[in-house]
Structure formats: C-alpha cells, structure tokens
Amino acid sequence: MGEATRGLATRLVSVLVLLAAWQVAATLAESRLLPAPLAILDFIVKESATGDLWRNVGITLTRVGISFFFAMGLGVLLGIALGRWKALNLVLDTPLLILLNTPALVITVLAYIWVGLNEGAAVLAVVLNKLPNVAVIVREGARGLDPGLEEMARSYRFDRRTWIAHVLVPQLQPFVVAAARSGLSLAWKIVLVIELLGRPNGVGFAINFYFVQSLNVAAIIGYSVVFMSVMIAIDILILQRLEAHVRRWR
C-alpha cells in the first residue's frame, strides 16, 4: 500500500470514527438540538431538491471568489513593496498590525455603516480582513530573496520584466500559495458573517434564517457541512496541488 493510499485510508477511518461518535452522542441525547448524521443528510437531500441549497452555496462561493481575488492581488503587491522598501514597511507596519488584530465583526459592521448594505460593502469587508494576512506572508518572502540570484540578475543586466519572471516570481510562489491557503479558509468564514449580518441570500443568510425562524439545528449543521466540504475540496484539489507544484524543486 502506497503512502498516498495509506493517508487516504487514515482520513476515511477518522471520518467514520467521528460519524460513529456523533451518532452515539445523538442517540444518548435524544434531543433536536443534537440531530443524528442521518437527520443532517435528510435535510441536505430535501434542501437540494428545492434548489435553495446550491443556489445559496453558489452565491456565497461567488462572493468568496471575488473578494479573494481582490485581497490576494492587492495583498501580494503590498507585500512585495513592504519587503523591498524598508521605509514603506516602517510606515505601514503599525496599520497592518492594527488591521490584523481588529475583529472581523467590527470591520464588517463598519463597512456596512460607511458603504451601505450592499455587495460593495461585503467585498470591502473581506478584503480589509484578508489583505493584511496576505501582505505579511508575502513580505517575508520578498525580504528573503536569494542574494546570489540578485547578483546574477545584475551581472546579466536583467530588465525589470526578466527579473520579475525569473528571480522574483519563482521565489515568491511558495509564500503566495501559503497565503492563498490560509486566506481562503479565513475569507469564507468572514463571508458567512457578512451574509448573516446584512445580505438577503447565501449560506450565512440561510444559517441565520433557520436559527431565527425555527432553531433548526439540522439545517444549520447541514449548510455548514456542505459548504465546508466544498471549501475542503477546493483546497485539496487545487491549492494543495498548486503548493506541491511550486515546491517541486525541493
């Protein structure tokens, strides 16, 4: 049995153990506040049949994708600038630290107050929460560029485009992918909070609806499980493979 197969088998066993423990706990509790796994599955099937589940998941994924794109783009550019210019880093280090330690809920509420209850405010809130994280990670990569490669670039008189393509980008790729993986897990959680507070659709809205209207725990967990599964699939099928690709030279 190969290492990959053993790893997959271990993951499957851990999931089965978790489901078994969940089933036992639900059986002992005998409470609608702790529904069994089959009750969650039943809700997912019924909600899928109406189309509401996948419509809300699609809307949330769109919000995550748009805000993630802007946060990554701006964060990478800012991180490179901070890592290359000490004066700029000195000026912006404290504001970045403040943003990193400001609760996502506070930023979300302020974005809604300042911009209004619209999609622009939702995207802005995610970007302000995510951008500092990306910038800090990429900054460390920009600070640690190989001096030998820098010397080679000067010796061969690389123009700016060649330097970016053959010196900067290859060395920053692992840091950008690391920022993407950590940032994606942060971004979708923030989007759910944003939807819960002020959007008329999406997974966060649905969770809030079932909480306020009927305290339907099966619905709350069902939506959470489906969206977590989608995000885990994106991480495993895209980001982890991308990370392995950019680190293949090691």
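Guide: What follows sets values against definitions, one label at a time.

Guide: This is a predicted model, where local features need pLDDT of at least 70, side-chain atom pairs count only at pLDDT 80 or more, and totals for chains, interfaces and linings use all residues. Residues are numbered from 1 along each chain as its sequence is written, and side-chain values use heavy atoms, with hydrogens and water left out.

Visitor: How many helices and strands does the protein chain have?

Guide: The protein chain has 10 helices and zero strands. Both kinds of element are DSSP runs, numbered from the N terminus: helices are H or I with at least four residues, strands are E with at least two. The C-alpha trace spans about 70 × 55 × 30 Å along its principal axes.

Visitor: Why is Trp 114 called exposed?

Guide: Exposed means over 50% relative accessible area, buried means under 20%, and partly exposed is in between (1.4 Å probe, protein chains only). Trp 114 has 66% relative accessibility, so Trp 114 counts as exposed. Its place is in helix H5.

Visitor: What makes Ile 59 partly exposed?

Guide: The relative accessible area of Ile 59 is 21%, so the label is partly exposed. Ile 59 sits in helix H3, residues 52–84. Its C-alpha atom is 7.9 Å from that of Val 203, 144 residues apart along the chain.

Visitor: Which residues does Ile 59 touch, not counting residues up to four places away in sequence?

Guide: Ile 59 touches Asn 201 and Gly 202 on that count. A contact means heavy atoms within 4.5 Å.

Visitor: What makes the nonpolar patch a patch, and which residues are in it?

Guide: Patches are made of residues with over 30% relative accessible area and no salt bridge; like charges are joined within 9 Å, and nonpolar side chains (Val, Leu, Ile, Met, Phe, Trp, Tyr) within 5 Å. The patch here covers about 1000 Å², and its members include Leu 105, Trp 114, Leu 128 and Val 193. Helix H5 (104–115), helix H6 (119–143) and helix H8 (160–198) each give two or more residues to the patch. H5 gives the most, with seven residues. Areas come from the Shrake-Rupley method with a 1.4 Å probe; for residues, only the protein chains shown count as cover.

Visitor: How do you know that Lys 46 and Asp 42 form a salt bridge?

Guide: A salt bridge is a side-chain nitrogen of Lys or Arg within 4 Å of a carboxyl oxygen of Asp or Glu. For Lys 46 and Asp 42, the N to O value is 3.2 Å, and their side chains meet in a salt bridge. Both lie in helix H2, four residues apart, about one turn of the helix. Lys 46 has 53% relative accessibility, so Lys 46 counts as exposed. Asp 42 has 38%, so Asp 42 is partly exposed.

Visitor: How many salt bridges does the rule give?

Guide: The count comes to nine salt bridges.

Visitor: Why do we say that Arg 199 and Glu 119 tie together parts apart in sequence?

Guide: The closest N and O atoms of this salt bridge are 3.2 Å apart. Arg 199 is in the loop between H8 and H9 and Glu 119 is in helix H6, so the pair ties together parts that are 80 residues apart in sequence. Arg 199 is at 12%, so Arg 199 counts as buried. Glu 119 is at 34%, so Glu 119 counts as partly exposed.

Visitor: Is Asp 235 buried or exposed, and why?

Guide: Its relative accessible area is 15%, so Asp 235 is buried. Asp 235 lies in helix H10, residues 217–246. The side chains of Arg 181 and Asp 235 meet in a salt bridge, 3.0 Å from N to O. That pair links distant parts of the chain, with Arg 181 in helix H8 and Asp 235 in helix H10, 54 residues apart. Salt bridges that share partners also join Arg 63, Glu 119, Glu 195 and Arg 199 into one network.
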